[in-house]
Amino acid sequence: MERDSQCLPRILQETKERLQSFELGLKALLADGAYCSGENYALLEKLNIQAYIPVHGTYKGGPEGFTYDKEEDVWICPQGKKATFRKIKRSAQDSLQRQYFTTRSDCKGCPLKDSCLGKEQKEKKIDITYYREEYERAIERLDSRRARWMKKKRSSTVEPVFGTLINYMGLSKINTRGILSADKKMLMAAAAYNLKKWINFCQSRRKTAALIAPVGAINTLFWLFVVKFDLTGKFRSSWC
C-alpha cells in the first residue's frame with residue numbers, strides 16, 4: 001500500500017486538471033506532515049507551487065556537532081576534519097541520499113572517536129538526504145507569517161470536514177470489501193456532505209437577500225404573497 005507521500009504526485013495532477021477545467025490555477029499546496037518528502041518538495045518547486053507541508057520529525061539537517069560547507073560540499077566535525085562526498089545511494093526506504101566519509105587517518109587517535117564512531121567503525125560515515133536544500137527551504141517557508149495563516153486556515157476548513165465525515169456520516173469505519181467499494185462509500189459520504197453544505201449556503205443567501213432588500217420591495221412581496229391569497233389558499237383574481 002502506498003504511503004500518503006507517495007500518493008501526492010497523483011493527487012496533485014488530478015487536482016490541477018480539475019482546476020484547469022474551471023480555468024483556475026494552483027499556486028500553493030497545504031497538507032499535513034504525512035505528505036512530506038524531499039521528492040514532493042522538489043516536484044512542487046519545479047511546478048512553481050509553494051508547499052506548506054510540515055517537515056516530519058525524522059528529518060535531521062546533519063549529524064550533531066558537524067557543520068556543512070556548501071562551497072566545498074563537505075561536513076566538518078568538531079575536531080576540524082572533513083567528511084567528503086563519495087556517492088549517491090538509495091536508502092532502505094527507497095529515498096535518495098548523499099553519502100560522505102572521513103578518512104581512517106583523520107579519525108585515528110581522535111579524542112571523540114568512541115562517542116562518534118563506536119567500537120567497530122574506523123571512519124565517519126554520514127548519510128544526508130539528497131533533497132536537503134529543498135527541506136531547508138521548506139522549513140524557512142513554514143516559519144513565515146503566511147504559513148501560520150495557512151495552518152489556521154487548514155484547521156478551520158479541512159479538519160472539520162474529516163470530523164463530520166467520521167462522527168456523523170459513518171466513516172469511523174469502512175466495512176465494505178475491496179478498494180472500489182470503499183471508494184464508493186467515501187464518494188457517497190462526500191456527496192452527502194457537499195449537498196448539506198450547499199443547502200445551508202442557499203438558505204443563508206436567501207436570508208441575507210431578505211435582510212438587505214429595500215423596505216418597498218419587502219412590502220410588495222408581502223402584498224403579492226399574503227394579501228393576494230385568502231385564508232383558504234385560493235388566489236384572488238384581482239390585481240392592482
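Visitor: Which residue stands opposite K82 in β5?
Guide: In this predicted model, the residue opposite K82 of β5 is I76.

Visitor: And how many bridges join β4 to β5?
Guide: Strand β4, residues 74–76, is joined to strand β5, residues 82–90, by 3 bridges. The two strands run antiparallel.

Visitor: What do β4 and β5 form, and which residue in the turn has a positive phi?
Guide: They form a hairpin with 5 residues between them. In the turn, G80 has a positive phi of about 85°.

Visitor: What about β5 and β6: how many bridges there?
Guide: Strand β5 pairs with strand β6, residues 96–101, over 6 bridges in the antiparallel sense. I88 has R98 in β6 as its bridge partner. These strands also make a hairpin, with 5 residues between them, and D94 takes a positive phi near 65° there.

Visitor: Where does β7 come in, then? Which strand is it joined to?
Guide: Strand β7 is joined to β6 by 5 bridges, and the two run antiparallel. Within β7, D127 is the residue that Q99 stands opposite.

Visitor: So what is the order of the strands in the sheet?
Guide: The order is β3-β4-β5-β6-β7, in an open sheet of 5 strands with antiparallel pairing.

Visitor: Which ones are the edge strands?
Guide: The edge strands are β3, residues 67–69, and β7, residues 125–129, since each pairs on one side only. On average, neighbouring strands of this sheet are turned by 35° against each other, with direction ignored.

Visitor: Changing topic to helices. Are α1 and α2 roughly parallel or roughly perpendicular?
Guide: The axes of α1, residues 4–21, and α2, residues 38–46, cross at roughly 20° and come within 9 Å. The two helices are therefore roughly parallel to each other, as angles under 35 degrees count as such. Their crossing is left-handed.

Visitor: Which residues meet there?
Guide: From α1, S5, L8, P9 and L12 meet N40, L43 and L44 of α2. The residues of this contact divide into 5 nonpolar, 2 polar and no charged.

Visitor: And α2 with α5: at roughly what angle do the axes cross?
Guide: The axes of α2 and α5, residues 132–142, cross at roughly 75° and come within 9 Å. These helices are therefore roughly perpendicular to each other, because angles of 65 to 115 degrees are counted that way.

Visitor: Which residues make that contact?
Guide: Helix α2 contributes G38, Y41, A42 and E45, while α5 contributes E134, Y135, R137 and A138. The residues of this contact divide into 4 nonpolar, 1 polar and 3 charged.

Conventions: Residues are numbered from 1 along each chain as its sequence is written. This is a predicted model: local features need pLDDT of at least 70, side-chain atom pairs count only at pLDDT 80 or more; totals for chains, interfaces and linings use all residues. Side-chain values use heavy atoms; hydrogens and water are left out. Axes are lines fitted to C-alpha atoms, for helices over the stretch in contact, and angles run from 0 to 180 degrees between N-to-C directions. Helices (H or I, at least four residues) and strands (E, at least two) are DSSP runs, numbered from the N terminus. Angles under 35 degrees count as roughly parallel, over 145 as roughly antiparallel, 65 to 115 as roughly perpendicular and the rest as oblique. A crossing is left-handed if the near helix is turned anticlockwise from the far one by less than a right angle, and right-handed if clockwise. Contact means heavy atoms within 4.5 Å. Ala, Val, Leu, Ile, Met, Phe, Trp, Tyr, Cys and Pro count as nonpolar, Asp, Glu, Lys and Arg as charged, and the others, Gly among them, as polar. Two strands pair if DSSP finds at least two bridges between them.
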